[in-house]
Amino acid sequence: MSRSFAIRLLRWYDRHGRHDLPWQHPRTPYRVWLSEVMLQQTQVAAVIPYFERFVARFPDLATLAAASEDDVLQMWAGLGYYARGRNLLKAARAIVAEHGGEFPRTFEQVAALPGIGRSTAGAILAQAFGQRHAILDGNARRVLSRYSASADDARLWELSEQLLPRARLVDYTQALMDLGANVCVPREPRCQTCPVSGDCKAFATGRQHEFPKRRVKPARPLRQASMLLIENRHGQILLERRPSPGIWGGLWCLPMFESNDAWRNYCRDELRIKVSAPRELPVLRHAFTHFELDIQPVRMKTTGTTKGAWFAPAALAKLGLPSPVKKILFSAPRREELR
Ligand code: SF4
């Protein structure tokens with residue numbers, strides 16, 4: 001069965017797979033690694049522009065390893081799941097320190113890098129070096145779960161190993177991902193055009209929608225926060241670096257509070273400044289994986305001086321900023337409010 005699965009999949013890939021993804025040309029270990037990390041929680045179409053900007057700024061591993069966390073997070077801003085960007089930098093530095101700057105070639109070494117799990121390690125080694133490793137990312141899991149009518153992860157890993165061909169691992173790995181992305185899609189799988197429909201158990205029994213088992217997502221609670229847009233008499237804005245780990249860890253953020261009382265106390269007791277009549281700007285809703293956040297921006301001015309990180313407007317664009325903070329700082333109506 002395994003040989004025939006791979007043969008059919010590769011034949012389909014040659015005609016219908018994705019052959020022009022930016023990380024395939026050239027397909028260096030660095031570019032493959034970067035793409036796999038970006039693709040962990042994000043779809044290909046959304047990743048492509050980020051990937052291109054990132055490699056334009058950090059064309060190789062040595063350049064990335066020498067970068068500051070600020071620079072990396074700035075390039076990552078908007079892609080979300082910022083731990084991926086921080087781990088990427090940590091991993092680049094570890095590769096320089098421990099592997100002389102050469103991307104490691106064994107599964108153990110790659111899986112030991114920050115931010116790389118079993119499937120990502122397998123995908124990188126298969127695609128960068130043609131090594132024979134199984135994957136079980138979201139796309140592969142869906143295909144194999146339906147193909148075998150099984151939702152058991154251990155069984156699916158076993159199957160993923162069994163189906164591996166002896167050659168063309170680079171293409172096979174991409175083919176499995178492409179089949180999941182373009183044919184065996186979550187809602188309406190296109191089984192009539194699927195190269196492995198002949199022995200797909202879910203297709204044979206009409207149970208495609210039962211696999212993989214959906215994890216029931218609990219409703220996301222809604223939380224509230226205030227963000228302070230404080231402008232001093234030089235036109236500078238006060239920002240704080242978010243603690244890491246934590247949401248937006250390592251990014252620059254407007255001072256953020258859970259209640260109105262908290263920010264009033266902060267201005268009075270910590271900043272020790274007097275602020276002019278605060279004005280509430282329109283609320284922004286931002287979705288995180290486990291909750292949603294309603295952000296109430298509050299704009300104010302101060303003539304006082306205080307410690308803290310104050311940035312001139314021209315410097316803001318060079319910082320790694322969470323997307324709602326960018327919206328507050330750069331959206332035209334809100335900038336107008338500052339004048
Ligand atoms: Fe998925 Fe349908 Fe192909 Fe089975 S036949 S692997 S359900 S697309």
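The side chains of Asp14 and Arg168 meet in a salt bridge, with 2.7 Å from N to O. A salt bridge here is a side-chain nitrogen of Lys or Arg within 4 Å of a carboxyl oxygen of Asp or Glu. This is a predicted model, in which local features need pLDDT of at least 70, side-chain atom pairs count only at pLDDT 80 or more, and totals for chains, interfaces and linings use all residues. Residues are numbered from 1 along each chain as its sequence is written, and side-chain values use heavy atoms, with hydrogens and water left out.

- A search of the whole structure finds 12 salt bridges.
- Helices (H or I, at least four residues) and strands (E, at least two) are DSSP runs, numbered from the N terminus.
- Asp14 counts as partly exposed because its relative accessibility is 41%, and Arg168 counts as partly exposed because its value is 35%.
- For these labels, buried means under 20% relative accessible area, exposed means over 50%, and partly exposed lies in between (1.4 Å probe, protein chains only).

**Two pairs that involve helix H5**

- Asp70 and Arg241 form a salt bridge through their side chains, at 2.7 Å from N to O.
- Asp70 lies in helix H5 and Arg241 in strand E2 (residues 237-241), so this pair ties together parts that are 171 residues apart in sequence.
- Salt bridges that share partners also join Asp14, Arg168 and Asp171 into one network.
- Arg57 and Asp71 meet in a salt bridge too, at 3.3 Å from N to O.
- Arg57 is in helix H3 (residues 44-57) and Asp71 is in helix H5 (residues 69-76), 14 residues apart.
- Arg57 is partly exposed, with a relative accessible area of 35%, and Asp71 is partly exposed at 25%.
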